Amino acid sequence: MTNLMLQGVGMTSQRTRERLIQRLMEQGVTNEQVLDIIRNTPRHIFLDEALSHRAYEDSSLPIGFGQTLSQPYIVARMTELLVGASGKLDKVLEIGTGSGYQTVVLAQLVKQLYSVERIKPLQDKARDRLKTLGLRNVFLKHADGGFGWPEKGPYDAILSAAAPRVVPESLKQQLAPGGVLVIPVGGDQQELQLIMRDGDSDTFVTRSIEPVKFVPLLSGTTR
């Protein structure tokens, strides 16, 4: 596991980070490894300078193109669900690279991470951040997330950072036997779902976790 100590100053200091971790624990996040990764991941580098002083607040923040940097609680919660439900994490797919923050958190827990993003300028920035942090186990693709990345599958786990109205069948089919999908689902009302593939069958068990608010999973790509 990589240790990403890019020390911030002032508002991005260790004390500010500890306050965030405290908050996540109060909201029920218990996985020590996940908390540790969030503590040590420099969230301020995923934001424009003007917003970086808010990096360790437990809130989602704009990153342009109508997209947001997910709230740390949600990143922690989804990551914890994924880790807790997966037997192994050799190969994982992420839908919606965005700023690359959730990508970096996941990359520290899995062997190989494949991440799909439909907005090219966001992907380019995320690629630079991954380089800065020295993470070499992430593979990026500019594509429509709803289709996943079938040729690299099947995946032990899939995490989606955008909400489709209904779960795309193509994503479920890219799960390895016993694989898990963590995904927000819905329109105005969304809920976070944990979907598990029953062995290598076409039976999927769905658990509703909690209400959430994500950007919609849109089709097509942007250059």
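A charge sits over a ring if NZ of Lys or CZ of Arg is within 6 Å of the ring centre and within 35 degrees of the ring normal. I start there because this structure, which is a predicted model, has such a case: arginine 43 lies over the face of tyrosine 101, at 5.3 Å from the ring centre.

Next, rings with rings. A pair of aromatic rings is described by the distance of the centres and the angle of the planes. Searching the whole structure gives four aromatic pairs. Take tyrosine 114 and phenylalanine 139. Their ring centres are 5.0 Å apart and the planes meet at 25°, so this pair is stacked. Where do the two residues sit in the chain? Tyrosine 114 is in strand E4, residues 112-117, and phenylalanine 139 is in strand E5, residues 138-142. They are 25 residues apart, and the pair links distant parts of the chain.

Are these two buried or exposed? Tyrosine 114 has a relative accessible area of 8%, so it is buried, as the cut-off for that is under 20%. Phenylalanine 139, with a relative accessible area of 32%, is partly exposed.

Tyrosine 114 also has a partner in tryptophan 149. Here the centres are 5.3 Å apart and the planes are at 90°, an edge-to-face pair. Tryptophan 149 lies in the loop between E5 and strand E6 (155-160), while tyrosine 114 lies in strand E4, so this pair ties together parts that are 35 residues apart in sequence. Tryptophan 149 counts as buried, at 8% relative accessibility.

Put together, ring pairs link Tyr114, Phe139, Trp149 and Tyr155 into a cluster.

Now the backbone. Most residues other than glycine have a negative phi, and most peptide bonds are trans.

Which residues does a cis peptide bond join? They are glycine 153 and proline 154, and omega is about 0°. Proline 154 is found in the loop between E5 and E6, where tryptophan 149 also lies.

The other place is phenylalanine 65. This residue has a positive phi, about 60°, although it is not a glycine. Phenylalanine 65 is in the loop between strand E1 (61-64) and strand E2 (67-69). Its relative accessibility is 49%, so phenylalanine 65 counts as partly exposed; exposed would need over 50%.

Key: Residues are numbered from 1 along each chain as its sequence is written. This is a predicted model: local features need pLDDT of at least 70, side-chain atom pairs count only at pLDDT 80 or more; totals for chains, interfaces and linings use all residues. Side-chain values use heavy atoms; hydrogens and water are left out. Rings of Phe, Tyr and Trp (its six-membered ring) pair if their centres lie within 6.5 Å; planes under 30 degrees apart count as stacked, over 60 as edge-to-face and the rest as tilted. Helices (H or I, at least four residues) and strands (E, at least two) are DSSP runs, numbered from the N terminus. Buried means under 20% relative accessible area, exposed over 50%, partly exposed in between (1.4 Å probe, protein chains only).
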